[in-house]
Amino acid sequence: MAKTLPPNNPAYTAFLEEFTSYTTEALRHQNPAVSDSLNRRQIPPSQVRPLERSYQISLKLGDDLPLNPIKKQILQQIDAVVYFLRDFHIGVLGQRTSLFHLYEVEIQVESHLRYQLTFESGKLLIQIPYWQMAVLDRYLPYQKLKYRWHRGNHLPRFSHIRKIWWLVDPIGELRYNLRSMLVLAIQKQILGIDKLFVKFNLLDKGNQKHRAVQGDNQNQTELKNHAIAFLKATVKEEKLGVNLDLVLENQDDATIAQLLAVYKKNLADIDQMEELIETGAFTLQEKLNEEQSQVDIKMFGFVNVGNYHRIDVAVNVSKDYLKKYVDVIPRKTEIKAVQFGFVNVYTVDDITVKPNFHGALTLNFETAALERALKELELVQ
């Protein structure tokens with residue numbers, strides 16, 4: 001949906017209806033692409049809000065500015081924003097994130113503006129000077145918009161958050177990789193549960209509801225043994241803090257079946273998965289703050305330019321109860337550089353290995369989901 005406060009410009013006021021219709025239809029047109037992409041990640045359409053209900057695109061045009069010279073550019077800007085929102089929605093798996101979630105994009109065209117992006121309270125503001133749009137045919141294309149977002153150009157230049165934007169960007173490489181890893185792990189576990197349901201006739205093919213096993217004691221014992229073996233191979237009991245054999249050995253077949261069903265439901269809970277990603281990212285940030293890095297750089301020459309970056313911003317909003325399900329492989333960094341020459345330029349950046357950081361994180365989402373299921377059924381305290 002699009003809306004704005006109309007200035008004293010009759011042509012602009014008349015254009016608002018066309019703008020609203022075009023924006024809504026453009027967002028709606030991208031829903032199949034979002035659904036197809038998320039379906040491949042085993043996220044059902046029922047868990048994904050349509051784009052036109054999730055995001056708002058608005059327009060603000062300066063008073064008494066001629067509209068006709070920039071109508072084409074405004075529509076091009078809408079298209080660019082819609083493509084960006086489509087990718088954003090796919091990147092966050094159709095869910096809302098706790099940090100830097102995007103709700104609204106405003107396109108602002110004024111005479112006195114600078115060409116820039118700003119972000120505040122879930123609103124991304126694209127500011128374009130009128131003369132650039134009218135004379136230079138300028139707008140912010142989709143690829144440049146996406147590039148600037150990933151670079152953190154929408155944040156204040158000296159913002160502490162901008163220094164660690166790679167860590168908190170909801171659609172950045174780190175979080176994208178973490179989501180991809182968890183989705184694959186979840187799919188594997190759900191497939192394993194479904195195999196157990198089929199093996200013991202727990203999956204009613206008519207309505208896909210789980211039901212208790214009907215059979216002899218041997219069948220019930222087999223279900224219990226298979227379920228315990230599957231869960232023990234799936235989760236880390238030392239993280240869980242309980243002995244699954246002891247917890248489940250005296251449970252009947254109906255309880256075992258119910259536990260598997262609740263566990264499967266929790267595995268598909270994208271919100272909790274996002275919480276664990278949040279926890280993992282900020283636990284990693286804490287570890288990087290604690291790591292002991294040694295930097296020894298010697299330079300000889302007429303001109304020396306150095307650039308060494310460390311993550312030194314204390315930001316932590318992680319969920320304490322999920323921290324036990326995050327393992328970070330510690331690293332000790334030792335950097336030495338010796339350079340000679342007329343002009344020496346060096347850069348040492350601790351976050352240049354960020355694409356590999358997801359390999360240094362272990363997120364035990366399966367164990368977290370099982371603990372939640374055990375507590376929901378009151379099998380553990």
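Start by selecting Met-133, which is found in helix α5 (residues 130-135). Helices here are DSSP runs of H or I with at least four residues, numbered from the N terminus. This is a predicted model, in which local features need pLDDT of at least 70 and side-chain atom pairs count only at pLDDT 80 or more, while totals for chains, interfaces and linings use all residues. Residues are numbered from 1 along each chain as its sequence is written, and side-chain values use heavy atoms, with hydrogens and water left out.

Is Met-133 buried or exposed? Met-133 counts as buried because its relative accessibility is 0%; buried means under 20% relative accessible area, with a 1.4 Å probe and protein chains only. Now show its neighbours: leaving aside residues up to four places away in sequence, Met-133 touches Ile-70, Gln-73, Ile-74, Val-109, Ile-128, Arg-138 and Tyr-139. Touching, or contact, means heavy atoms within 4.5 Å.

Next, select helix α1 (residues 10-29) together with helix α4 (residues 71-91), which pack at an angle of about 30° with their axes 10 Å apart. The axes are lines fitted to C-alpha atoms, for helices over the stretch in contact, and angles run from 0 to 180 degrees between N-to-C directions. α1 and α4 are therefore roughly parallel to each other, a term for angles under 35 degrees. On the α1 side, look for Phe-15, Glu-18, Phe-19, Tyr-22, Thr-23, Ala-26 and Leu-27; they meet Lys-71, Ile-74, Leu-75, Ile-78, Asp-79, Val-82 and Leu-85 in α4.

Move on to helix α9 (residues 173-199) and helix α13 (residues 253-267), whose axes are 10 Å apart at an angle of about 155°. How are α9 and α13 oriented to each other? They are roughly antiparallel, the term for angles over 145 degrees. To see the contact, pick Ile-186, Gln-189, Ile-190, Ile-193, Asp-194, Leu-196 and Phe-197 of α9, then Ala-257, Leu-260, Ala-261, Tyr-263, Lys-264 and Leu-267 of α13.

For the last stop, select helix α15 (residues 365-376), which has 12 residues. Nine of these 12 are buried, so α15 is largely enclosed by the rest of the structure. Colour the buried ones: Phe-365, Glu-366, Thr-367, Ala-368, Ala-369, Leu-370, Glu-371, Ala-373 and Leu-374. Finish at Glu-378, which follows α15 and has a positive phi, near 60°.

Note on methods
Helix = DSSP H or I, 4+ residues; strand = E, 2+ residues; numbered from the N terminus. Parallel < 35°, antiparallel > 145°, perpendicular 65-115°, else oblique. Buried < 20%, exposed > 50% of the residue type's maximum accessible area, 1.4 Å probe, protein only. Expected span 1.5 Å × (residues − 1).
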